[in-house]
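My notes follow, in the order I looked things up.

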Amino acid sequence: STQGAASVADDWRTIPNALTALRLVAAPALVGCCCAGQWGTAAALFGAAAVTDWFDGYLARRLGQHSSLGALLDPLADKFLVAAALLVLVQHAAHAVVTVPAVAVLFRELGVSSLREWMAVHRP
C-alpha cells in the first residue's frame, strides 16, 4: 500500500536509522580493509561501529525515534559486522584456535535470532 511505503520512508528519515545504515555499509568496508591489509583501519572502523551501535539506540530512546525499520536493521547490522569481523579473522589466522570460537559465536548469533523469531510467533 502507498501508506505503508510512506511509513517506511518516514521511518528511514531518523538519525538512529542513518547511523544504522552506516553500520550496514561498514561491514563490507571492514572486509575490504582487511583484504587490503589495513588492519588498523579495520579495527578503527569496527570500534566506530560499536560506538555508533550504542549511540543510535540512545538517540532512538532519547528522541522517541523508534521505528519498525530500525527494529529490523539494527540487529541485522550488528550481525553483519560480527560475521564480517569473524570471517576475516578466521581467514587470516587459518587455525582452529580462532576458527572454533568464531564458529561458536556465529552459532550463538543464529540460535538467539532463531529463538527470538520462534518466540515472537509461538508466545502464549
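**Where α2 meets α4**

I began with a contact list, counting heavy atoms within 4.5 Å as contact. From α2, the residues N17, T20, R23, L24, A26, A27, L30, V31 and C34 meet L69, G70, L73, D74, L76, A77, D78, F80, L81, A84, A85 and V88 in α4. Sorted by class, this contact has 15 nonpolar, three polar and three charged residues. My classes: Ala, Val, Leu, Ile, Met, Phe, Trp, Tyr, Cys and Pro are nonpolar, Asp, Glu, Lys and Arg are charged, and the others, Gly among them, are polar.

Before going on, I noted that this is a predicted model, where local features need pLDDT of at least 70, side-chain atom pairs count only at pLDDT 80 or more, and totals for chains, interfaces and linings use all residues. Residues are numbered from 1 along each chain as its sequence is written, and side-chain values use heavy atoms, with hydrogens and water left out.

Helix α2 covers residues 15-35 and helix α4 covers residues 68-93; they pack at about 15° with axes 9 Å apart. The axes are lines fitted to C-alpha atoms over the stretch in contact, and angles run from 0 to 180 degrees between N-to-C directions. α2 and α4 are therefore roughly parallel, a label for angles under 35 degrees, while over 145 is roughly antiparallel, 65 to 115 roughly perpendicular and the rest oblique. The crossing of α2 past α4 is left-handed, which says that the near helix is turned anticlockwise from the far one by less than a right angle (clockwise would be right-handed).

I also checked one pair of C-alpha atoms here. A29 and A84 are 55 residues apart along the chain, and their C-alpha atoms are separated by 9.5 Å. A29 is in helix α2 and is partly exposed at a relative accessible area of 33%. For this I use under 20% as buried, over 50% as exposed and partly exposed in between, with a 1.4 Å probe and protein chains only.

**α3 against α4**

How do the axes of α3 and α4 cross? Helix α3 (residues 39-63) comes within 11 Å of α4, axis to axis, at roughly 160°. That makes α3 and α4 roughly antiparallel to each other. The contact is made by W39, F46, A49, D53 and D56 of α3 with D74, D78, L81, A85, V88, L89 and H92 of α4. By class I get seven nonpolar, one polar and four charged residues. α3 passes α4 in a left-handed crossing.

H92 belongs to helix α4 and is exposed, with a relative accessible area of 52%. Its C-alpha lies 8.8 Å from that of C34, 58 residues away in sequence.

A94 has phi near 50°, positive in a residue other than glycine. Most residues other than glycine have a negative phi. A94 sits in the loop between α4 and α5 (96-122) and counts as exposed at 64% relative accessibility.

**Whole chain**

The protein chain has five helices and zero strands, taken as DSSP runs numbered from the N terminus (H or I, at least four residues; E, at least two). Of its 124 residues, 26% are buried. Among contacts between residues at least 6 apart in sequence, 71% join residues at least 24 apart. The chain exposes about 8,100 Å², with 70% of it from carbon and sulfur atoms.

How values were computed: Areas by Shrake-Rupley, 256 points an atom, 1.4 Å probe, with all protein chains shown as cover.
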